[in-house]
Amino acid sequence: MDKLMSDLKTQIIAQLNMQDVKPEDIGDDQPLFVDGLGLDSIDALELIVLLQQHYKIKLSNAEDGPKVFQSVRTIAEYITAHQNQAA
Amino acid sequence: MSTTVFIVGVGAISAIGDNVAGCLASFKKGKAGIGDMVYLDSAYKNKIPVAEVKHTNEQLAALAGMSPKISRTALLSSIAAKEAMDDAGISNMDALRTGFISANTVGGMDKTENFFSEFLSNPGKGKLRNVVNHECGSVTELVADQLGIKNYVSTISTACSSSANAIFLAARMIRHNMLDVVIAGGADAITKFTLNGFNTLMILDSDYCKPFDENRKGLNLGEGAGYVVLVSEKIAKTLPKKAYCTLSGYCNANDAYHQTASSPDGIGSYLAMDGALKKSGLLPSDIDYINLHGTGTQNNDIAEGTAIKRLFDPHYPKMSSTKTFTGHTLGACGGLEAVFSAMAIHHKIIYPNLRLQTPMKELPFVPETVLGENITVRHALSNSFGFGGNCSSLIFSKL
Amino acid sequence: MQIKSYISSNCVIDDGIVYKNGKAVFENREAGVQDFLQSVYQHFGIKYPKFYKMDNLSKLGWLAAEILLKDNFDAGEYKPEDVGLILANANSSLDTDIRYYETAKEIASPSLFVYTLPNIMTGEICIRHNFKGENAFFIFEKFDAGFIQEYVNNLLNNNNLQACICGWVELLEDQYKAVLFLVEKTTGAEMAMPSNIFTIENILKIYQLENG
């Protein structure tokens with residue numbers, strides 16, 4: 001889980017062009033949107049692309065976004081759950 | 001120095017009709033133009049419904065009197081602009097200062113897409129004639145040349161408010177005595193580019209759109225073109241036919257909130273509607289019909305609805321989203337909906353907002369769900385709000 | 001009655017050099033577009049993380065507006081709806097259209113698609129400075145000083161706006177040029193001179209960098 005979360009931080013920074021942010025600046029449980037990292041709705045869509053590109057997971061219902069993308073930990077949990085399903 | 005600006009001609013082509021009469025007939029029958037994709041070649045065929053104009057490029061080219069090798073955007077533009085010009089019946093165009101102000105957002109993208117697939121596989125391949133008219137301004141110029149408009153030709157590209165802004169600029173130029181006659185509006189064809197783009201934004205409904213419904217899921221893309229002919233009072237007096245209405249108010253404002261999302265309180269929409277009312281010297285209670293921007297996305301409808309509530313509460317005019325028939329035609333919607341607003345005044349009709357089942361719980365009003373006939377519309381407000389926060393409202397007034 | 005309006009500030013970004021009111025304030029002629037824009041951002045010590053997410057056209061227009069308004073503009077003097085933006089270019093958002101198209105071969109990029117409209121740039125400037133007045137984006141074959149002057153003066157004279165940012169922001173691949181003007185009805189004593197009156201001649205001089 002820790003490895004996955006660390007990978008995710010690097011991938012999020014690259015996907016969202018967050019050049020001022022380093023992986024260690026992002027807390028595992030820090031909120032990603034609004035008051036936390038300040039991501040917005042377009043960033044959420046890019047995170048959906050990230051899941052598809054790197055983890056072959058398709059989040060087809062945008063309404064699931066807020067739940068899945070709360071923090072790096074919730075994304076990691078979602079990936080773990082859905083990769084296991086596939087396997 | 002300012003003159004009243006009259007609307008003396010209208011032209012439209014959309015998924016519900018090849019001309020204004022055809023569109024009005026579909027409104028009366030309650031027949032939406034949305035359905036499975038037939039003409040666009042896309043991986044989303046049978047997955048995402050669209051509102052296509054029901055003709056191949058060859059058929060449209062025959063209607064337009066242009067080559068089928070020309071972008072579908074230009075073909076649609078030509079058909080509707082010519083209808084508007086013929087409808088106005090101005091016999092001495094050559095002696096007047098004429099303008100063509102046309103908006104679009106995709107330009108010749110449909111042809112560029114064809115070029116691109118061949119070109120990518122082999123840089124020596126691909127027909128260059130497919131890309132020479134790629135840019136938005138080129139589409140306008142092709143049609144202006146065909147119409148013989150020379151004095152002033154311009155293209156506006158401000159996303160979904162584009163053609164409302166074109167009409168707005170036309171009115172200003174007439175008021176300031178810079179032009180006598182202007183054909184203004186816009187056109188857009190559905191392309192893979194836009195379909196894929198809106199799909200990545202996850203705001204396309206996989207079913208028919210339901211604007212202003214609590215359970216709305218997104219928009220349906222449409223295509224078409226809509227133009228009005230605007231003239232000064234002096235010219236209007238010389239015409240054999242009575243004008244349809246006047247354009248009495250217009251305003252543009254920026255929401256300054258987000259690239260694609262409207263602010264929750266719809267401040268840009270509010271400023272545009274309020275500014276148009278002030279420009280026309282009217283009160284909210286003078287408006288009898290609002291042609292809503294009403295795309296069917298969660299975000300637009302709550303923002304637009306909240307702004308309407310702030311401005312009109314507690315006396316709401318009748319309102320509806322004609323996108324429930326035509327889909328969201330992007331750069332064309334302000335032009336098409338200007339035509340529909342003018343026709344609402346002229347024919348005393350109010351178009352229904354189709355498929356509305358559960359009104360939004362946040363809003364104290366409900367758009368019209370059935371066709372209204374014999375209803376006097378003194379003033380109609382037409383809203384067009386675009387990405388980039390670009391918000392425009394137009395007010396059409398009965399003579 | 002026509003009221004005289006003033007160019008109370010101007011900014012030109014062209015060929016690796018940033019000019020503010022005619023003076024070169026930054027130069028980096030070696031870098032490609034992407035790196036050049038980033039070096040401008042860093043040089044002026046701006047902190048706005050969303051900058052990195054913009055497309056190159058927006059970055060260019062946004063930076064030009066940033067430098068244009070720096071030290072020369074007091075937003076508190078105006079109501080948000082009294083400040084507008086009238087911009088133009090020749091190639092719309094073509095630069096990003098192409099980039100977006102490349103991504104569509106695999107997974108189309110939502111963040112690139114957003115920038116496939118030129119008025120997203122005007123939106124970015126409005127978001128940054130909370131401008132809510134009239135916005136327009138025109139596509140012209142080349143810079144038309146006469147049109148811009150007439151259009152903007154009209155907005156100011158009819159009290160549609162009290163201040164307006166206008167000009168040209170063009171970018172396609174490695175070619176770019178931004179020329180922005182801040183036009184106000186009054187201006188401070190040091191700017192109230194004939195060469196700053198908002199005339200076609202003065203606009204063209206600045207556009208052609210004749211004042212530098």
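A: The C-alpha centres of domain 1 and domain 2 of chain B lie 20 Å apart, where domain 1 covers 5-238 and domain 2 covers 247-397, bounds that come from an automatic or database domain assignment. The model is predicted, and local features need pLDDT of at least 70, side-chain atom pairs count only at pLDDT 80 or more, and totals for chains, interfaces and linings use all residues. Residues are numbered from 1 along each chain as its sequence is written, while chains are lettered from A and ligands numbered from 1 in the order in which they are written.

Where the two domains meet, 61 residues of domain 1 of chain B are in contact with 56 residues of domain 2 of chain B, a contact being a pair of residues whose C-beta atoms, placed from the backbone, lie within 7 Å. On the side of domain 1 of chain B that touches domain 2 of chain B, the elements giving two or more residues are strand S1 (5-14), helix H1 (20-29), helix H6 (162-175), strand S4 (181-188) and strand S5 (224-232) of chain B, with helices (H or I, at least four residues) and strands (E, at least two) taken as DSSP runs numbered from the N terminus. H6(B) gives the most to this side, with seven residues. By class, this side of domain 1 of chain B has 33 nonpolar, 20 polar and eight charged residues; Ala, Val, Leu, Ile, Met, Phe, Trp, Tyr, Cys and Pro count as nonpolar, Asp, Glu, Lys and Arg as charged, and the others, Gly among them, as polar.

The largest nonpolar core has 217 residues, and those with the most contacts inside it are Val228(B) and Leu230(B). Domain 1 (5-238) and domain 2 (247-397) of chain B both give residues to this core, so the core lies between them. Such a core is a set of buried Ala, Val, Leu, Ile, Met, Phe, Trp, Tyr and Cys residues joined through C-beta atoms within 7 Å, and a residue is buried if 20 or more other C-beta atoms lie within 10 Å of its own, exposed if 12 or fewer, and partly exposed in between, with C-beta atoms placed from the backbone. Leaving aside neighbours within four places in sequence, the contacts of Val228(B) include Ile7(B), Val10(B), Ile167(B), Ala184(B), Ala338(B), Val339(B) and Ala342(B). Pro123(B) lies in the loop between helix H4 (109-121) and H5 of chain B, and its C-alpha atom is separated by 21 Å from that of Phe193(B), 70 residues apart along the chain.

Chain B also meets chain C, 33 residues of chain B being in contact with 33 residues of chain C. The elements that give two or more residues to the chain B side are helix H5 (136-147), strand S3 (152-156), helix H7 (192-200), strand S6 (245-254) and helix H9 (267-280) of chain B, and H7(B) gives the most, with four residues. The residues of this side divide into twelve nonpolar, 20 polar and one charged. Two bridges join S3(B) to strand S5 (residues 135-139) of chain C, and the two strands run antiparallel; two strands pair if DSSP finds at least two bridges between them. In S5(C), Ile139(C) is the bridge partner of Thr155(B).

Within chain C, helix H5 (residues 119-129) is mostly covered, with eight of its eleven residues buried, among them Ile120(C), Met121(C), Ile125(C) and Cys126(C). Just after H5(C), Asn130(C) takes a positive phi of about 55°. Asp82(C), found in the loop between helix H2 (56-69) and strand S4 (83-89) of chain C, counts as partly exposed, with 18 C-beta neighbours inside 10 Å. The C-alpha atoms of Asp82(C) and Gly133(C), 51 residues apart along the chain, are separated by 5.3 Å.

As for chain A, there are four helices and zero strands. The radius of gyration of chain A (taken over C-alpha atoms) is 12 Å, close to the 12 Å that the globule rule gives for 87 residues, so chain A is as compact as a globular protein of that length; the rule is 2.2 Å times the number of residues to the power 0.38. Of the 87 residues of chain A, 25% count as buried.
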